[in-house]
Amino acid sequence: MTVGIVMLVHTALGRAEQVARHWHAAGCPVVIHADKSVPRKIYSAFVDALSDLPNVRFSSRHRCEWGTWGIVAASQSASELMLEEFPQVRHVYLASGSCLPLRPVQELIDYLADRPRTDFIESATTADVPWTVGGLDHERFTLRFPFSWKRNRAMFDAYVKLQRRLRLYRKIPKGIVPHMGSQWWCLTRQTLSAILQDPERDTYDAYFSKVWIPDESYFQTLARFYSTNIESRSLTLSKFDFQGKPHIFYDDHLQLLRRSDCFVARKIWPHADRLYEAFLTDPAGAMKRTEPNPGKIDRIFAKAVEKRTRGRSGLYMQSRFPNEGWENGVTSGRYSVFCGFSDLFQDFENWLTKATGARVHGHLFGPTRVEYAQRQTIMNGALSDNPKSRDYNPQAFLTNLVWNTRGERQCFQFGPGDNQDINWFMAKDPNAQISVVSGAWAVPLFKSNRNFADIRKEAAQLQRIESEFLDVLRSPHAKARIRIWTMAEFIEAPMEPLQSIVDEIGNKSLRRLAEVPKMEDLTGFGQFLQNLKNQGMHPYLMGDFPVERDLGPQQTRPRKPYLVK
């Protein structure tokens, strides 16, 4: 008694020939099904190349498109030919052209000889499997799927929705309890022949031909009728990613495959010369005999999936796009945003640099250029100061800046004259520390030598923009550390809010600030605001500035800041 190999091939026929010869050399008869999509000329050359092997057969051809009945029909045709042509076969092992034996074939033969009545086929009910991808588990057995998921996805989805809406559900044949599992099985002659010769086969075939991905349910379900001993696992190592796509093994997976102790692995890259040379070898150079244990490498695959789906904090990568929110954190490190401070204080950026040791930029999202610290034109990661490249994707610009300077706290100025497309991104970022002195943008206008009509127009526009920004910061979706003061309450005693901000940045040991930065001379600012009111513009974000009030900086106790987050 021996093991018969059924191979389903559709591409890389040269590698399929190489593996078929390896199976045959170990005494295993081989039946090959070549996809009908393979051109006749290429198929004929493939058949001729294996014509010197006496125990190799080719079954009738079917078109095998993923998710359709053709794969089951191909497995049926090849299995029937195997059982008919090779009566000495006791187990039939289903493999693909991209499968590669990892251990001497004789070890597989001996392993199955010790288990003459055991069927190795992954078989579990839909309620017990966690790997279904695409939102269809039990419905794949109760709906019809006449359209190709790959070639006609729109019609596939539309017809599924139509059946759900009209409640057009199919009746599962009597006695059938749908099971699912890996396509790659190893069945005994007794079980496989019972499935193929079942008097109700026409009924089962008609039903499963309209099931979605029937190759993962046909044999898995019917084997439960006839098998006396099922081990619900596959002897083939096959791993799938979180999207349900198979992992491909390359040359650098050699040691990983050796540690699996499995008999066969798929899916092997056709150009992985090192793998084919290492495993299609004589028994002396192969792995030691041991129980197959793919669980030994499951941890490695789990870590790979975690890196692909979560990744490192603030690191964006192609495999997670275009799914918003899949990133493991919005940015990779903490940063501080100051709104209105550079308008209110003279030389604020240099003062903050000395007080914290952080890198303090100007307006990174300013309209004319990216104002890097010390007037740099290029930052870490080759980030240019060109506003056009920055504004192409402001979120990517900020995440790149924080990522490329990780380990160093970044601080920058922000105001209503800057690009506002970054507002929500910063507000929802838990790494952001946003401090706002509302209305401080009016100080440069107050000190400018411009026509008052132009000042009024610009003030109205800046107030509207900042008001919208404050609405974003006050949203329940905001996750940043946010502090908001009106300008009037802030200048009453700026020492305490500045101290709390510097302490939170925390790059230096906590100590009391000796002095605050020099504030702009605000004498006459109250009258300026009154003039705006007189011209029909109501400046409300600054707080209460009486015209007669002396607006020089005072050191009295400030009002409690409005703490949003």
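Author: A salt bridge is a side-chain nitrogen of Lys or Arg within 4 Å of a carboxyl oxygen of Asp or Glu. This is a predicted model, in which local features need pLDDT of at least 70 and side-chain atom pairs count only at pLDDT 80 or more, whereas totals for chains, interfaces and linings use all residues. Residues are numbered from 1 along each chain as its sequence is written, and side-chain values use heavy atoms, with hydrogens and water left out.

Reader: What makes the pair aspartate 385 and arginine 369 a salt bridge?

Author: Their side chains meet at 3.6 Å, N to O, and because the limit is 4 Å, the pair qualifies. Aspartate 385 lies in the loop between strand 16 (383-384) and helix 14 (387-392) and arginine 369 in the loop between strand 14 (359-363) and strand 15 (378-379), so the bridge ties together parts that are 16 residues apart in sequence. Helices (H or I, at least four residues) and strands (E, at least two) are DSSP runs, numbered from the N terminus.

Reader: Why is glutamate 65 called buried, and why is arginine 151 called exposed?

Author: Buried means under 20% relative accessible area, exposed over 50%, and partly exposed in between, with a 1.4 Å probe and protein chains only. Glutamate 65 has a relative accessible area of 17%, and therefore counts as buried, while arginine 151 has 66% and therefore counts as exposed.

Reader: What is the N to O distance between the side chains of glutamate 65 and arginine 151?

Author: The two side chains meet in a salt bridge at 3.1 Å, N to O. This pair links distant parts of the chain, 86 residues apart, with glutamate 65 in the loop between strand 3 (56-58) and helix 3 (70-85) and arginine 151 in the loop between strand 7 (124-125) and helix 5 (153-166).

Reader: How do you know that serine 217 is buried, and which residues does serine 217 touch?

Author: Serine 217 has 1% relative accessibility, and therefore counts as buried. In the loop between helix 7 (201-208) and helix 8 (218-226), serine 217 touches Phe141, His179, Phe208 and Val211, leaving aside residues up to four places away in sequence; a contact means heavy atoms within 4.5 Å.

Reader: What makes arginine 103 and glutamate 107 a salt bridge, and are the two buried or exposed?

Author: The side chains of arginine 103 and glutamate 107 meet at 2.8 Å, N to O, and both residues are buried. Glutamate 107 belongs to helix 4 (residues 105-113), where the buried residues also include Val105 and Leu108.
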